[in-house]
Amino acid sequence: MMELSIKPDLSGKVAVVTGAGGVLCREFACALAQCGAKVALLNRTYEKAQRIEACIRAEGGEAAAVQVDVCDEGSLVAAHEQVLRLYGPCDILINGAGGNDPMATTDCETYDQVTADAPDKKSFFDISKDAFSRVFGLNLLGTLLPTQVFACDMTAGGGTIINVSSMNAFCPLTKIPAYSAAKAAVSNFTQWLAVHFANTGIRVNAIAPGFFSTDQNKTLLWNADGTPTARTHKILAATPMGRFGTPRSCSGRFCGWPTRARRAS
């Protein structure tokens, strides 16, 4: 099993993880289960959540896959009812669902590169309102709505809410304006929630991960032949350890997913 440096006793606690099929959130779910929590794995793609459920159960943990669209209030209400039937009220909510949209991404880092070197590339002026809205909907509304649905379980006895922001919230990256702005909004919203729930026993915090190589950003970080892009070299040149973050997983493998990020050389 994965080794945890800190292992609090979460026996009897119910944890809900949105975006549980993601690279980091599946690790959060696995760690929670190892600490004794009953984990509801909320994910838009049900099959991904099922894989994680099977892995956690194989390790002796308790987990259940739940299909949900975090931008759809009706879907969240149905998921909440399912979690209540299976495990009871939510004690821990991790709002991990999020991501970017290629249509909300520029092809060049600065506008002069578009006009001088690549007039056919997608520029800031080509980003559509719909694409920008989709990114904000997934990241910000995808944090707001699950909190409204599941935090109502905590108002009487307290609980924990953890939102997943990004280092982009503090230092926006080139090419991804919508994602950077949306994560900044998540960080701001987290601070607001922390004050709003301060006297109810509900703790609200956010974490801001740095760089991980995932399916969502692989085209920005890796060429088709698997070699690192210029962007990867630039990122790792400013990273003291010279590599991307490496998620840990159940038994160091997590159902066949790779556990080591590639390093540029």
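Guide: Let us begin with G60, which is exposed, at a relative accessible area of 67%. Buried means under 20% relative accessible area, exposed over 50%, and partly exposed in between, with a 1.4 Å probe and protein chains only. This is a predicted model, in which local features need pLDDT of at least 70, side-chain atom pairs count only at pLDDT 80 or more, and totals for chains, interfaces and linings use all residues. Residues are numbered from 1 along each chain as its sequence is written, and side-chain values use heavy atoms, with hydrogens and water left out.

Visitor: Where does G60 lie?

Guide: Helices (H or I, at least four residues) and strands (E, at least two) are DSSP runs, numbered from the N terminus. G60 lies in the loop between helix 2 (46-58) and strand 3 (62-67). Its C-alpha atom is separated by 43 Å from that of K175, 115 residues apart along the chain.

Visitor: Is K175 buried or exposed?

Guide: K175 counts as buried, at 18% relative accessibility. This residue is found in the loop between strand 5 (159-164) and helix 6 (177-196).

Visitor: What is the phi of K175?

Guide: Most residues other than glycine have a negative phi. K175 is not a glycine, yet it has a positive phi of about 80°.

Visitor: Which residues are in contact with T18?

Guide: Contact means heavy atoms within 4.5 Å. Leaving aside neighbours within four places in sequence, T18 is in contact with C25, L42, V70, L93, I94, N95, G96, A97 and P146. T18 has its place in strand 1 (residues 14-18) and is buried, with a relative accessible area of 0%. A polar atom of its side chain lies 3.1 Å from the backbone nitrogen of A97.

Visitor: How many helices and strands are there in the chain?

Guide: The chain has 8 helices and 6 strands, and along the sequence they follow the pattern β-α-β-α-β-α-β-α-α-β-α-β-α-α. The radius of gyration of the chain is 19 Å, close to the 18 Å that the globule rule gives for 265 residues, so the chain is as compact as a globular protein of that length. That radius is taken over C-alpha atoms, and the rule is 2.2 Å times the number of residues to the power 0.38.

Visitor: What percentage of the residues in the chain is buried?

Guide: Buried residues make up 47% of the 265 residues. Among contacts between residues at least 6 apart in sequence, 68% join residues at least 24 apart.

Technical notes. A polar contact is a pair of N or O atoms within 3.5 Å; within protein, one must be able to donate a hydrogen and the other to accept it, and residues adjacent in sequence count only if both atoms are side-chain atoms.
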